[in-house]
Each structure stands twice: as C-alpha cells, then as structure tokens.
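Here is a walk through one model, from a single loop residue to the sheet and then to the ligand. Keep the sequence and the 3D view side by side as you read.

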Amino acid sequence: MTPNVRAFSEALMSSVEVVTHGVDATTQLGQHLGALLRGGDVLCLSGDLGAGKTALARGLALGWGALEPVSSPTFVFVHEHRRRADAQRLYHVDCYRLQSEADAATIGLEDMLTGEDVVLLEWPEQVESLLPADRLWISIETLDDNTRRFTAEAVGKRHLALLTDLQTQVK
Ligand SMILES: Nc1ncnc2c1ncn2[C@@H]1O[C@H](COP(=O)(O)OP(=O)(O)OP(=O)(O)O)[C@@H](O)[C@H]1O
Ligand SMILES: [Mg+2]
C-alpha cells in the first residue's frame, strides 16, 4: 500500500459508531473490545451521568479477563484489576471528583497513563492535560431510556489499529 492510500484508509477507520439497546448489549460490546486490548491502551469513556460508562467498563474488563467484576467507582478513585493470563493490570479510574492535576498525582494517574497496563477512564475531561496523545475516545450518548450510541474515535497509530480490529468484530 502506498503511504497515501494508507493515510486515506486510516482516515476511514478512525471512527466507529455502535448503537446498543439495553445494558447487556453494551456489556457485550465492551467484551468484544476488551478482548482486543493490549498493555499501554488508554480508553476514555465520555458521557453524562448514567450514560453507560461503567456498564461499558464492566464489559471491557470481562473481555480483558479480569478476575473481579467491575463495580461503580463511587468512593474509590481507582480499581485495579488482575487477570490469570499474565501480570498485566487494568485500571478503572473515575476522574469525576478529581479537582486538579495535583489530585491526579495523588492517585498515581500519570504513572498509570505512561505504563504498560490498560487504563479505562470515566470523566476523562477532568484530566485532559494528562492524557497521552495516542488514545481511544469513546463518546456515549443517551438516545432513550434503553438506547445508547457509542462513538469510538482513535487518535494515534496504536489505537487506530485497535479500532480497526473492533470494526472486524462488530461487522
Ligand atoms: N443501552 C444501554 N447501555 C448501557 N446502559 C444502559 C443502556 N440502556 C439502559 N442503561 C442503563 O443506564 C445506566 C448506565 O449506568 P452507568 O453506571 O453505566 O452510567 P455511568 O455513565 O457510569 O454514570 P456515572 O457518570 O454516574 O458514573 C444503567 O442503569 C443501565 O441499566
Ligand atoms: Mg460510572
């Protein structure tokens, strides 16, 4: 493939949209994507209260192979998950109540974001300046009580590859 053609096809692949009906379908979507995650991946889960960030995270962790189920990170900022396959960790972080970068430092967020583990962030807007350039940004919109639209946008090469893998899964 010539560089120009590659650039064009990457542009085509840079966004994927999926609509789910019901929380179980969202968990399934998360599971598909979760199974594709590699160390160093950073997923930003963006959406209003009750949009389905935690529901998607639950599926992502399941697909990744987490030993413990995801719970809503209400009082704890970070949940650290392990899996049987290897020593990789999956961090599920709720940034809702982080007021500043100093707050983010107290939970070691920068180390998580630059390490070799997987990071799922709820309310990523709160820590925008700390986010790596290469990331997957998933916007969740509430269409009605039961229906959500997920728009995944990849920034950077590694997450573009992840999104391309996902496209072949959800076809
Ligand atoms: N298609 C759907 N996908 C996901 N959740 C859905 C869907 N339809 C209905 N729901 C409901 O929406 C709610 C989503 O809650 P969830 O805790 O995942 O939201 P959240 O974005 O994490 O909110 P918060 O900002 O409070 O952390 C659940 O009650 C779930 O049952
Ligand atoms: Mg949540």
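W123 is partly exposed, because 18 other C-beta atoms lie within 10 Å. On this scale a residue with 20 or more other C-beta atoms within 10 Å of its own is buried, one with 12 or fewer is exposed, and one in between is partly exposed, with C-beta atoms placed from the backbone. W123 sits in the loop between β5 (118-122) and β6 (135-144). Its phi is positive, about 55 degrees, although W123 is not a glycine. Most residues other than glycine have a negative phi.

This is a predicted model, in which local features need pLDDT of at least 70 and side-chain atom pairs count only at pLDDT 80 or more, while totals for chains, interfaces and linings use all residues. Residues are numbered from 1 along each chain as its sequence is written, and chains are lettered from A and ligands numbered from 1 in the order in which they are written.

Now the sheet. Seven strands form an open sheet in the order β1-β7-β6-β2-β5-β4-β3, with mixed pairing. β1 and β3 (78-82) are the edge strands, and each pairs on one side only. From one strand to the next, the twist averages 20 degrees. Helices (H or I, at least four residues) and strands (E, at least two) are DSSP runs, numbered from the N terminus. Two strands pair if DSSP finds at least two bridges between them.

β6 and β7 run antiparallel, joined by nine bridges. D144 has T147 in β7 as its bridge partner. α2 packs on the sheet and touches β1 and β7. Its direction makes about 145 degrees with that of β1. α3 also packs on the sheet, touching β2 (42-46), β3, β4 (89-94), β5 and β6. Contact requires C-beta atoms, placed from the backbone, within 7 Å. Axes are lines fitted to C-alpha atoms, for helices over the stretch in contact, and angles run from 0 to 180 degrees between N-to-C directions.

Why is β2 largely enclosed by the rest of the structure? Four of its five residues are buried, so β2 is largely enclosed. Four bridges join β2 to β5 in parallel. β2 also pairs with β6 in the parallel sense, over four bridges. C44 has L121 as its bridge partner in β5, and C44 stands opposite W137 in β6.

Last, the ligand. Of the 19 residues around ligand 1, T26, G52, K53, T54 and A55 come nearest; near means a C-beta atom, placed from the backbone, within 6 Å. β1 (15-21), α2 (23-34), α3 (53-64) and β7 (147-155) each give two or more residues to this shell.

Methods. Contact = placed C-beta atoms within 7 Å.
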